[in-house]
Amino acid sequence: MNQSGENFKPEAERLIDIALTREVSPAIVNCELTHLEREPIDLSAAIEQHGRYEEALVALGCTLHRLPPLPDLPDSVFVEDTAIVLPELAIMTRPGAASRRPEVISVAEALGAYRSLAFIESPGTVDGGDVLVIGHTIYVGDSTRTNEEGVRQLARLTATLGYTVRSVSISGCLHLKSAVTRVGEKMVLLNPGWVDVGSFEGLEIIEVHPREPFGANAVLIGESILYAAGFDETQRRLETAGVAVRTVETTELQKAEGAVTCCSILASAKSG
């Protein structure tokens with residue numbers, strides 16, 4: 001069901017963007033960390049920032065589908081890692097951190113209303129944050145959370161749909177989308193210190209400002225992006241390139257190695 005409680009109507013014609021989100025767990029202070037030192041997270045501020053994030057999704061044209069709370073799972077607000085949504089199929093991942101695998105169940109139940117489902121199986125691991133889809137190319141980050149077997153399974157599941165999977169080396173960051181995200185039809189925002197520019201040959205590239213290494217993460221919705229506040233120099237570069245930018249505060253979520261892509265799963269669907 002969507003936020004209004006109405007059943008999804010597959011026979012309808014108008015395409016809308018569904019944004020799956022989940023509230024911040026009170027256990028977020030015990031989140032998984034790989035590249036950051038642990039520091040105090042203000043839970044109330046994190047909840048408020050996440051609420052503003054959801055409001056921004058709606059303002060950009062999305063219909064919210066809130067997933068059931070998982071208060072005992074610290075990273076459960078970062079729903080992106082549990083699924084890869086293509087127009088034809090939703091692939092449920094097997095996250096690299098074992099503590100996150102129980103999150104997949106409720107996401108699969110929700111996405112089943114909008115897509116046929118496929119699953120990454122053991123011993124494969126894939127985090128959704130490592131997967132960037134541009135056209136029929138699927139870029140997959142070679143990270144500590146995604147392994148070769150997971151990439152092989154992803155390639156097998158998508159080959160018959162016409163997709164090509166490309167493995168991309170990253171360093172210094174948690175996920176591929178920490179280093180590069182899509183900000184236009186054939187345009188990416190990229191940190192060249194964390195990912196090789198040459199991996200994205202043929203695309204228009206905007207580099208983050210050198211003083212803003214964490215500024216490469218953005219959510220493309222229609223012709224606008226949702227972007228974390230505070231990366232002012234990079235934001236100016238985006239706007240100079242003609243990208244419409246809407247910012248939200250994410251300081252507390254950033255302490256948990258979270259970013260704007262992490263907090264939602266977007267899926268185009270039909271609505272009456």
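Visitor: On what basis are the model and its residues treated here?

Guide: The model is predicted, so local features need pLDDT of at least 70 and side-chain atom pairs count only at pLDDT 80 or more, while totals for chains, interfaces and linings use all residues. Residues are numbered from 1 along each chain as its sequence is written, and side-chain values use heavy atoms, with hydrogens and water left out.

Visitor: Why are strand 12 and strand 14 said to stand at the edges of their sheet?

Guide: The sheet is open, with three strands in the order 12-13-14 and mixed pairing. Strand 12 (218-221) and strand 14 (244-248) each have a single partner strand, so one side of each is left without a neighbour in the sheet.

Visitor: How do you know that strand 13 pairs with strand 12 and with strand 14?

Guide: Two strands pair if DSSP finds at least two bridges between them. Strand 12 and strand 13 (residues 224-228) are antiparallel over four bridges, with Ala218 opposite Tyr227, whereas strand 13 and strand 14 are parallel over five bridges, with Ser224 bridged to Ala244; both therefore meet the criterion of at least two bridges.

Visitor: What makes the unit of strand 13, helix 5 and strand 14 right-handed?

Guide: A crossover has this hand if, with the strands pointing away from the viewer, the path from the first strand over the helix to the second runs clockwise. Strand 13, helix 5 (residues 232-240) and strand 14 make such a right-handed β-α-β unit.

Visitor: Why is the pair of Tyr139 and Phe200 called tilted?

Guide: Rings of Phe, Tyr and Trp (its six-membered ring) pair if their centres lie within 6.5 Å, and planes under 30 degrees apart count as stacked, over 60 as edge-to-face and the rest as tilted. The centres of Tyr139 and Phe200 are 4.8 Å apart and their planes stand at 40°, so this pair is tilted. It links distant parts of the chain, with Tyr139 in strand 7 (residues 137-142) and Phe200 in the loop between strand 10 (187-190) and strand 11 (204-207), 61 residues apart. Tyr227 and Phe231 form another tilted pair, at 6.0 Å centre to centre and 55° between the planes.

Visitor: Are Tyr227, Phe231 and Ala59 buried or exposed, or what lies in between?

Guide: Buried means under 20% relative accessible area, exposed over 50%, and partly exposed in between (1.4 Å probe, protein chains only). Tyr227, at 0%, is therefore buried, and Phe231, at 13%, counts as buried too. Ala59, found in helix 1, has 48% and is therefore partly exposed. Of the 272 residues of the chain, 51% count as buried.

Conventions: Helices (H or I, at least four residues) and strands (E, at least two) are DSSP runs, numbered from the N terminus.
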